[in-house]
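Please look over the sequence and the model below before reading on.

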Amino acid sequence: MTTKTGLQKIGSHGVRNIVRGMLANPNKTSTERGLTKIAQFATLSDYKIALDLLRKSQLFKLNDFSRYFPKHFSRPFEFPEYVEDEIIEQINSSSAKIAELIIIAYDVVDAICKLQFESAIDHIDDFVQKEGASVFLLRLAYYIKNRADQPNLVKKVDGLLDRLQARNIRYPQLVIRELTSQNTEYLNIREKVNFAESDYLGLIAKSLTDHIPRSSEVFLQTLNSFYAISALDATLYYLVVSRTQVFGDLARIEESIVAAYSKLAMLVPDRHYADSGDPGLSFFRDSLLLIELNVCYEYRTCHGAFYSGTDGKAFKRLPFEVGLIKGYFSEIRSLRDVASFVDVATNESNCAIAWFEKSTALMYILEQRDGEVGDEATFVELMSSTRDIGVICEKRYLLSMSSKATSDEFRLVVACLSYIKSQTQMNEHELRSVIQEIAMSRFDSDLVLLLENLYHKSPSVTEHLIQVMDEAFLTKLFIMVDRPNSAIEHRAKIFEWYSSKVGDSTYLERAKNLRIDVQINKEKGTIDDSRIYVDPVKFVQWINDNVLDQLSLLVADICAENEPSLPSMEWSKVRSGMTQLEQAATIILKAYDEFCSNKKFGIASYIGRRIRHGTLKNTGFNDVKNFATRDEFTDLLTIESFNQEFRSWICDYENCLVDLRDNYVHIQDEKHPNGMIVRHFDSLGKISSANHMLLEVLKSFYNNKNGLEMPYIITEYCWRLIEEDLTKLRELIMERKASYGVFRFDCTNGARARQREVQEFNQELNSLVSDKFRLIESWFNKPSIASPSAELLLLFKAVLSEIRGFFVDFSPKLNLDEQGWVIRGGAYFVIYDALFIIIYNAARYGKLDGELYFGVVIEEKEGKAHFKITIASELADSDDPTEVRNSIQSALDDDCEDALVVEGRSGIRKLRRMEQDLYIRNVEYSFDGNRVVASFEFVLDYQS
């Protein structure tokens, strides 16, 4: 009997008993525990025989352990590594079964290629019944799910994934889903996979991004990884890789398997993606799902050779790749050829949408010319018909282009690409220098004119420049931008110009919000620099510029169906995570890192500017050092023992301050391993706060259907997260004070006669040291202005100040009825807008020196703060109250669909539009004699 023969092959009597015990107790946990025992004391040969029995014998099919031919996926198990011969022996011994499965696979894939998804699912059911659960089957399921447009088919695929228990190989499943989703950035997901652990699920995931192993070691490890899932997966991987003519050998595989596979490989998939803006990229994504097909393999090989962010790609290629690529791009001999390049099978001769294929073609010609461009004008034009060039272009080519550039436009494009590739200080400096030089020499220092000129030649580069030129960047254009507020004004003008250029009102909103912040900060006055500080306005701008769009897309998908609940994230692993929650968490980690380490507006900025660069030591040391020179204590220092004790103490005290400054008051990194500010979530408290931050972000989007509040929620929670580190730092400071900040001198050592003076010296010196340490400790408290916020009265005064810039004679008598309510987050932009509309009307049409009433009423309802704001102004003496009433009512009743586009500053229709968009509620106008009373309400879902 086969099983008996298998057991007899096991040399150890103890191992045989353990294996027999697995028959009696088929529980998976017991099985794995038994295998662990075998691995610890048995020979590797006996261990592998035991595993072979478990995976092959029908006697063990109830053990829910990974089978060679499973009906569903099992939980991961760490297998020993097999040599190639052992795996091939098992493949060939199961040749009939494997050939049968590949023949059924042909029917599945043939139906898929014809877009007959119902038929494909029917064949898949047969495939599963024949024990064909595999990563291969998982890929086919996602192909159907991605391309089927009928909800019932998607539901069937979801049911299939449940039956297969795909959750047991969750990471490869998520990688497949995210790499092939049209809603993700392919290169970002590819980069995340690079961070994956090199266990067998991680190796399978990495093989999805690069189907060609780059070493014998990687080949064998990946083959073992697929072997751990199923014999079919190992077979297909081996057959696919054998095309390299370096790894694998078809001659070693049974002919029946090779014949079935060869027939499968000849199938041709559908390559028409009618709804895709870039069919080439869509097919490239899907090609990993059907990599066994010749067409998919060749397309993915030729384009994948260039479409990644790694450098030195050419040096890693195998000879067969070089030949395949050369044949595919044989028509590309110049940049002009790139401009007209199109893979007809994918794009149906529509050259205009072949963004992806032109991008890889451009990389091909650059590689052939070793970075020599020649035709700079055509290269600049190609930036608007290609994609991701800054990521996929190699650094050495960018350096070569930069050194040989002649035209201004080409220099600017290359500087942009270099900065995208590597955001180093050197590349940023180069980009700033080029921008400043061109703007000053050709456009009279007008950045908008520079962008207008560039837009006609390359809209895509222009769009990127607009994202790059944030306030911090513009501030460093030292010759053109002479003060910080000037940088904000430049940025606002750029947003306004781009909004009109592309018809996107969000840029107009961002311009307006920048100016509102400037106006509010004028009213606030200077910042208290006595506590640790992060500039809330600049941090919010950074979030808006760098991560908000991507975060909003992810959050929108997460919140599409169910109300969000508190997540429980494994924050140490989210950078390589594939779920949408993990991707959103990665963005939050990135934001927190910036909050801590940004040297322009983050914690690092404050630490570097105020604490390390002299302030900490000088504050703690200078007065203490000079204390002993006071006249009343001069004589004490003539006592040698006292003088020696004090000098020794002051030396230790100074070293204590230096140690704090040099080692602990830092952002933790490789150079400062003891730095107390940690940029990741390294404690249960931080993890809990981070989970709640993610929940609040999700809830905000779920309730408001927009991302308006998200930057402010993130800012507030960043302070909550860092409070744990600040607390530890404050404790450390006071511990050092206790250890080094107390001077004691024993009068028995030669100064008994001066005991009272010594005690007075000790007491005053220690009191001074305590004051210094309390002051230093106080620096590490959260500042009062930590998040973007404003009192409602301050908003009112800021609006009034701005409106007086339009109407210099507007000097109303103020009647204020407001209790100092503080509004945090983006809500104050909305309130500012509404106040501006109402008060602008009062200044333009009302009595310039009349009474202006401002009142606020707040009420708590269902855990939310409901505010009602009322503005009352007087009519001009010449106004007819009836006409004014009719005019206002007409504006309120009019169609407000285009109010944000057509109306100017004072439009009541715009106020109504804000009400319809649910930014404010219950807009009302009433009249009391010669007074116009306007009111509106707003609700705060998030108020810290």
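**A walk through the model**

Tyr653 has a relative accessibility of 0% and therefore counts as buried. The model that shows this is a predicted one. The ring of Tyr653 is paired with that of Phe621, and the two are stacked, with 6.5 Å from centre to centre and 25 degrees between the planes. Phe621 is buried as well, at 6% relative accessibility. Because Phe621 belongs to helix 36 and Tyr653 to helix 37 (residues 640-664), the pair ties together parts that are 32 residues apart in sequence.

Helix 36 covers residues 615-627, which makes 13 residues. From its first C-alpha to its last it reaches 18 Å, close to the 18 Å expected at 1.5 Å a residue. Where is the kink in helix 36 centred? The kink, of about 30 degrees, is centred on Phe621, the residue whose ring stacks with that of Tyr653. The buried residues of helix 36 include Thr615, Leu616, Lys617, Thr619 and Gly620, and also Phe621, Val624 and Phe627. An α-helix has 3.6 residues a turn, so residues three or four places apart point the same way.

How many aromatic pairs does the whole structure contain? The search finds 50 aromatic pairs. Ring pairs also join residues into a cluster, among whose members are Tyr186, Phe283, Phe284, Tyr299 and Phe306. Tyr307, Tyr328, Phe329, Phe341, Phe356 and Tyr364 belong to that cluster too.

Rings also meet charged groups. The charged end of Arg55 sits over the ring of Tyr227, at 5.3 Å from the ring centre. The charged end of Lys263 sits over the ring of Tyr106, 4.5 Å from the centre. Another arginine, Arg317, is placed in the loop between helix 17 (294-304) and helix 18 (319-328). Is Arg317 buried or exposed? With 13% relative accessibility, Arg317 counts as buried. The side chain of Arg317 makes a polar contact with the side chain of Glu367, at 2.7 Å.

The cysteines come next. How many disulfides are there? The count comes to 0 disulfides, where a disulfide requires two cysteine sulfur atoms within 2.5 Å. Cys656 shows why: its sulfur is 12 Å from the closest cysteine sulfur, that of Cys651, which is too far for a bond. Cys718 is in no disulfide either, since the nearest cysteine sulfur, in Cys596, is 7.1 Å away. Cys656 is buried, at 3% relative accessible area, and Cys718 is buried too, at 1%.

The view may now be widened to the whole protein. The protein has 45 helices and 7 strands. Its C-alpha atoms fill a box of roughly 100 × 95 × 65 Å along the principal axes. Of its 944 residues, 55% count as buried.

Key: Residues are numbered from 1 along each chain as its sequence is written. This is a predicted model: local features need pLDDT of at least 70, side-chain atom pairs count only at pLDDT 80 or more; totals for chains, interfaces and linings use all residues. Side-chain values use heavy atoms; hydrogens and water are left out. Buried means under 20% relative accessible area, exposed over 50%, partly exposed in between (1.4 Å probe, protein chains only). Helices (H or I, at least four residues) and strands (E, at least two) are DSSP runs, numbered from the N terminus. The expected span of a helix is 1.5 Å times one less than its number of residues. The bend at a residue is the angle between axes fitted to the seven residues ending there and the seven starting there. Rings of Phe, Tyr and Trp (its six-membered ring) pair if their centres lie within 6.5 Å; planes under 30 degrees apart count as stacked, over 60 as edge-to-face and the rest as tilted. A charge sits over a ring if NZ of Lys or CZ of Arg is within 6 Å of the ring centre and within 35 degrees of the ring normal. A polar contact is a pair of N or O atoms within 3.5 Å; within protein, one must be able to donate a hydrogen and the other to accept it, and residues adjacent in sequence count only if both atoms are side-chain atoms.
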